[in-house]
Each structure stands twice: as C-alpha cells, then as structure tokens.
Amino acid sequence: MDTLTGNTRVTQSPDVTSTPVELSKRTTRLTARDVTVHYGSKQALHGISIDIPDRAVTSFIGPSGCGKSTFLRCINRMNDTIEGAKVGGTIKLDGEDIYDPSLDVVELRARIGMVFQKPNPFPKSIYDNVAYGPRIHGLARSRAEMDEIVHSSLRKAGLWQEVKDRLAEPGTGLSGGQQQRLCIARAIAVSPEVILMDEPCSALDPIATAIIEELIDELRENYTIVIVTHSMQQAARVSQKTAFFHLGNLVEEGNTSDIFTNPRNKQTQDYITGRIG
Amino acid sequence: MTDVTASRPLSERTQLIRKNLRRRHMSETIFRALGLLAIIVALGFVALLFADILRKGVPAFTQSNLHLTATFDPEIIDVGPPPGRIAGQSEAEFRAASLKWQREVAMLNWNKVVEASLRALAPAGYEIAAKDLLTIPETDARHRLREMFVADPSLLGQTVKVDVLASANADNWIKGNIDRSLPDSQQQLKAPARALIDQFVSNGTISMGFAWSLLTNVDSRAAPASSGLLGALVGSLYMMLIVIVLAVPIGVAAAIYLEEFAPKSRLTDFIEVNINNLAAVPSIVFGLLGAAVFINYMHLPISAPLVGGLVLTLMTLPTIIIATRGALLGVSPALRQAALGMGASKTQMVFHHVLPVTFPSILTATIIGVAHALGETAPLLLIGMKAFVASVPATPLDQATALPVQIYLWQGNENRNFFESHTAAAIMVLLVLMIALNGIAIFLRSRLERRA
Ligand SMILES: Nc1ncnc2c1ncn2[C@@H]1O[C@H](COP(=O)(O)OP(=O)(O)OP(=O)(O)O)[C@@H](O)[C@H]1O
Ligand SMILES: [Mg+2]
C-alpha cells in the first residue's frame, strides 16, 4: 500500500484496490463461535461466529448500537468489567479458550491490547504512559531497556519526533491526535499479539486520521489488528477483512474488497451505499 | 437614512419568543436576587458571630501583671539550709532528705512574703487588711515565690523583682468588667483593695501584657486568672492524632474496598445504607456507645483522650468513607478502562491510577472530617471528659479534657465576669485551629491538583 498523502485519501470513495490479501492462506489467530452477550436482560449479541486472521487488519462496520464495541470487548474480556454483562459462546486465541476459568485476564490483556475510541492517556508523563505496561508486566530488566522500549514504541506510533524533547510532560497535555497515538504506543509497548481498536479516529481530524491509518497499515506487518470504524472509506483503506454487524448479528464477513464491491447481503449493500446507518 | 429592519413587522414567532424572554429574564433576576440575599444573610450571621466572639475574647488575651519586689525575709522563711550530700549517703536517702526539706518550705506562710511586698508598694501607712490585700494578686503568687526559693535557696535574705498575675477579680475591676458604681456589698473586692489597684495601675505597678498563660497554663479553679488551655489543647491533639491514625486508613480502605472490590450484592447495599445512616446518627449516641463499649466493657480509663479519640474515630469514619467513595465514583471510567486494558490488575488500577487522581479530594474530605471531630463536644461529655483536669496529660491514657469541652466548662464557671472573655478566647483558639486545618486542606488541594 502506498503512503497516504495528507487528507486527500480520506475523502475518496472506498479504495477497494488495496493489496489483495489471500485470507484463506493466512493462519487464523482468533476464532469466535456463537458468541452472545447480555446486558442484564437485554441481549446485545446474538451468536457471532467469525475467524480473525493473523497479521492482517479486520474491520467491524455497522450502524450505531449494532454491537461492534460489545464484540470487540469480548475479545480481551473488557466486558468482565461491566456490571451485569454476561458473555456466552467461545472465543479462542491460538486455540486456547480465553474464557477458560484457569486463564488469567491480566495475561490475556497483555497479549491483546486495546485502543479506545476516546484517547485516554493516563494523567502521567508521556514516558510513564508508555512505560506503564512494560513496568507492570515486568518486561524491562533495566532502565536502559525500558528507555529502549519507550523510544521504539513511540517511534512505531509515529509520535517520536513530536515528543522526544518532552517525555516528562504529562500525556494529557498533547493534542487529541497525539494522545491517540500515545495510546497506540502504550498498547504496542507490551508487544501484544492482537491490537483491538474501537473507532480510534472518531475524535480526530483528517490529517491525524491519515497518520493513524498509515500507522495501522505498518503495524499490520507484526500484529493482528481488529478495528471498529464508522467510516466505510477507512475500512476499505486499512483492512483486509471486513465484518458487517446489524442489530447484534454478524450479517456478512469476508475479504474487504469483496464486501465493498459485491456484497452478497441486501442489508450490507444498503449500509455501504449509505441507505441505512 | 431609513431604518429598514424597524419597518419590517416582527414575525409572530419572534414576538412569542420575546414575550417568553421577558418572563425568563424576570425569573433569572428573581433567582439571582434570592441567591444574593441568602449569601448576605449567611455572611451577616457569620460576621455577627465573629464580631461578638472577637469583642468578648480579645480582652482575654491581655492580662494584668503585678510587678512585685519580693524580699525573701529570713524571719518568715524560717527554715534550715537545704540538705547537702553527705558522704556515704545513698541516692534514695538524699532524695528523701530533700523532699523533707521541700515539705518544710511548703509549710511556711508564703502569703506573708506576698503581703509584705505588696505593702512595700502601697503608700506608707495605707490602711488595708492583709486578707483584702491578698485579693489583689492571683492566689498562685505564693507558689511562684516558693518555687523560686526551692530552685535557688541562696535567695534567702535577698530582694528580687518578680511578676505575678493580678487576681481575676482585680483583672475584672481593671478592665471594667464590673460596674464600678455598684455598692460595696455587691463588689467582689473591698474598697481599699479597689483603690489600691487603681493606684497600682496609674503608677505602673500593674501593667497589661499578652496573656501567655492562656496558652501555656492548664485550667485552674483556685487561681482563675492563671487558667489556660494547654491541657485541653494537648488532649485535643492526642484525640486528633488518634482519629488521623485510625479513622483515615480504616475509612479510606473501607471506601476503596466497597467501591472498587466488593461485589454488588444485597449485603453491600445493606452496608452502604447503614454507613449513610451512621453518618446521620447524632454524635451524642456515639458517646453513649463509647461509654458502654470502651469504658464499661473494655475497661479503658475514663476521661482519657484514648477513649475520646476512639469515639471520635467511630463518628468520623462514615464521613470519611462517604467522601472517599464519592471521590472514587467521580473518576472517569475511561481511566479505569485504560488501566485494565493495559492488563493492570484491579489493585494496580486502584493504586496506580484511581487513588492518585482522587488523592486531593480524599485528603480534603479527611481534613475536614478531622476538623469536625476536633470541634465535637457531646460524645466527650458522656465518656467523662468534662471533669476538671489541672494537669497536662502526659499520655493519651491520662485524664484530660478537650478544647470544646473546656469552652463548655468555662462557660459554666461561676466567675462569669472573668470567664466570659476566657470562654470567647478559647473559642477563638479553636476557630483558629479549625481555620488552619481548612486552610491546609485548601492549600494541599490546590497544590496537588496543579501537579496532577
Ligand atoms: N454497558 C452497557 N450496558 C447496557 N447496555 C449496553 C452497554 N453497552 C452497550 N449496550 C447496548 O448494547 C448494544 C450494542 O452496543 P455497542 O456499544 O456494542 O454498539 P456499537 O455497535 O459499538 O455502537 P456505536 O457504533 O454507536 O459505538 C446497544 O444496544 C447498547 O445500548
Ligand atoms: Mg461502539
């Protein structure tokens, strides 16, 4: 994929010519089978089954309230922290059931990182924001090693140039787009295997969005990425696989190029052409 | 030039809005006026209170000092020299001998020394009975002289300058707390004593000075002019320390557990309701509880700051728990998600992220809770802290009183004229402590919030 230039790409129509990926040839990282979620008595997901490929970007699209975030939160068990949320079905990471009682969620979340819709840096210094994960998981054996992790994470997140002279300043003092990249740096500092992103660009302007999209594209080389987005263009640009959710159901999933060029389902077609949503 | 807009008729909609607008502005004006009125009334009462306390209390910070020239007359101080060390005498024997000598010194009529020095100051041949003359200095003057002599027996036969306090009655007379036109029968002091006092004041034998005794002395009934707040201050200090050491960690820990860790269940709901109820329980009930549990059951000493501190801890706990929970509740879910999403355990989330951002509010709430405890009186009365205590408590297990209780005790003293100002002065000391505590809370809060 070529590099993005400014915000021109953002306003383009869906770019379905991005690198064709033979999904079938990729190993599957995550498998979800018949996942249901109830919030109290209200059912938010009605049996979702999907395979998420390794080292590729999978995007979840669908109208507001259809359960994209809910499903994303199932993958790193953030739903555990929501009062009254009940998750059914199975989700496996490399064949291992992540809802197995013997599995430690703390370890799971070190393996599956998450970037939230609203940038939420810790009210600490930029350095400490990035160093926090490696620190609690004991990933750095020395101060120098920690410095190396922090610097390389910031570099990978494309933030290094902007913050290299102000690492001791609070992360909350950065601009929205910088904060979001800081959150990405923070997530990749622990070298997770999977990164979940819930509308990471919804609070950003087109330029910051372009930077993050470029970043996602680079991260794809090493990570399995799942992204929720409301922008069809974004899904088309950054992802290789797309899943369309509607009213708590997974309506259609497949190669991004297939979904955007010839969706099999009428609802999908209506959604991507802007008739529902 | 013609005004184009004026000529155009207002649309019906705009007229409607305008009509409404007048009503809206009206209600806003009324609300503002009411708010302003409420604040003025509240401030007015506060100002009234402070003015009254200051008016009454400030005079108590000056007191009349009597500058004596005392002669340690060997005729009166008819006692042998203090025992020296004798070779072969044991330490205990020496101490026993010293004490015996001190007892002998105490048996002497030191009032005679006081009387003689006063007569020396009065005009030659001034007619006044010894009994009346001794109403001018505070009754502890003789103790002052005796202590000086015990400390330095070589004073025998010498004449030294010594400042003693004027008596409470003399102080009242000087400050005009007593109506000077009252007939003799209603005056506390006899006419010759009153006249002599006036002379002393005019020739500088009696002068006014800052009343350090108010802060450095303990309460005293025999010598009211020398009564001070030190015992009560130390008692209050012990209790505050106990409250800080017990209520703050227990309260904050309980709040953290309830808010962050406890599963939501009937039981935790029940506990929550009861904590809220406890905060509303009148403080005197905590005093009853303290008397029953700590004194009757656990046999802790009566009137002790330890028991007072425990009772105040019980009373302060709900306040601290509720305030801390409120602060924790106010932490944005985004911060919690960020921490958990990074793989922090719940404990790490709380201690690394939630507590640091809530620390300023928890601290403020805690200081205000402690300040509240400092001013609490009712429960202390029920655990016996209203007793008259004329010593500084050395440990929290000794008998003591507390500042607000001291205010209550002085307020009830029979010598109204003198103790009215003492009471107000004690209130001022308590208020200064309160304001200082609240000031610290505000200062720390703004400091910590700026840093966060
Ligand atoms: N914490 C919660 N408690 C109760 N119901 C919830 C909760 N979170 C989500 N829901 C409900 O679950 C359904 C799915 O919500 P979800 O947040 O997953 O939607 P979404 O697809 O992410 O929407 P959006 O695009 O607006 O973010 C919605 O009907 C929502 O009301
Ligand atoms: Mg969402």
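Two residues are in contact when heavy atoms of each lie within 4.5 Å. The structure described here is a predicted model.

**Core of the model**

Leaving aside neighbours within four places in sequence, Phe71(A) is in contact with Ala32(A), Val35(A), Leu45(A), Ile48(A), Ile50(A), Phe60(A) and Phe245(A). The largest nonpolar core has 102 residues, and Phe60(A) and Phe71(A) touch the most other members of it. In soluble globular proteins, nonpolar side chains tend to be buried together.

**Interface of chain A and chain B**

In the interface, 16 residues of chain B are in contact with 19 residues of chain A. The values computed for this interface are set out below.

| Property | Value |
|---|---|
| Area buried between chain A and chain B | about 1500 Å² |
| Share of that area on carbon and sulfur atoms | 67% |
| Salt bridges between chain A and chain B | zero |
| Residue pairs in polar contact between chain A and chain B (both at pLDDT 80 or more) | five |

On the side of chain A that touches chain B, two or more residues each come from helix H2 (105–111), strand S6 (112–115), helix H3 (126–136) and helix H6 (176–188) of chain A. H3(A) gives the most to this side, with three residues. By class, this side of chain A has eleven nonpolar, four polar and four charged residues.

**Surroundings of Cys201(A)**

Cys201(A) is placed in the loop between strand S7 (194–198) and helix H7 (206–219) of chain A. Its relative accessible area is 8%, so Cys201(A) is buried. Not counting residues up to four places away in sequence, Cys201(A) touches Thr209(A), Ile212(A) and Gln234(A). Asp128(A) is 73 residues from Cys201(A) in sequence, and their C-alpha atoms are 23 Å apart in space.

Methods. Residues are numbered from 1 along each chain as its sequence is written. Chains are lettered from A and ligands numbered from 1 in the order in which they are written. This is a predicted model: local features need pLDDT of at least 70, side-chain atom pairs count only at pLDDT 80 or more; totals for chains, interfaces and linings use all residues. Side-chain values use heavy atoms; hydrogens and water are left out. A nonpolar core is a set of buried Ala, Val, Leu, Ile, Met, Phe, Trp, Tyr and Cys residues joined through side-chain atoms within 4.5 Å. Buried means under 20% relative accessible area, exposed over 50%, partly exposed in between (1.4 Å probe, protein chains only). Buried area is the accessible area (1.4 Å probe) that two parts lose on being put together, summed over both. A salt bridge is a side-chain nitrogen of Lys or Arg within 4 Å of a carboxyl oxygen of Asp or Glu. A polar contact is a pair of N or O atoms within 3.5 Å; within protein, one must be able to donate a hydrogen and the other to accept it, and residues adjacent in sequence count only if both atoms are side-chain atoms. Helices (H or I, at least four residues) and strands (E, at least two) are DSSP runs, numbered from the N terminus. Ala, Val, Leu, Ile, Met, Phe, Trp, Tyr, Cys and Pro count as nonpolar, Asp, Glu, Lys and Arg as charged, and the others, Gly among them, as polar.
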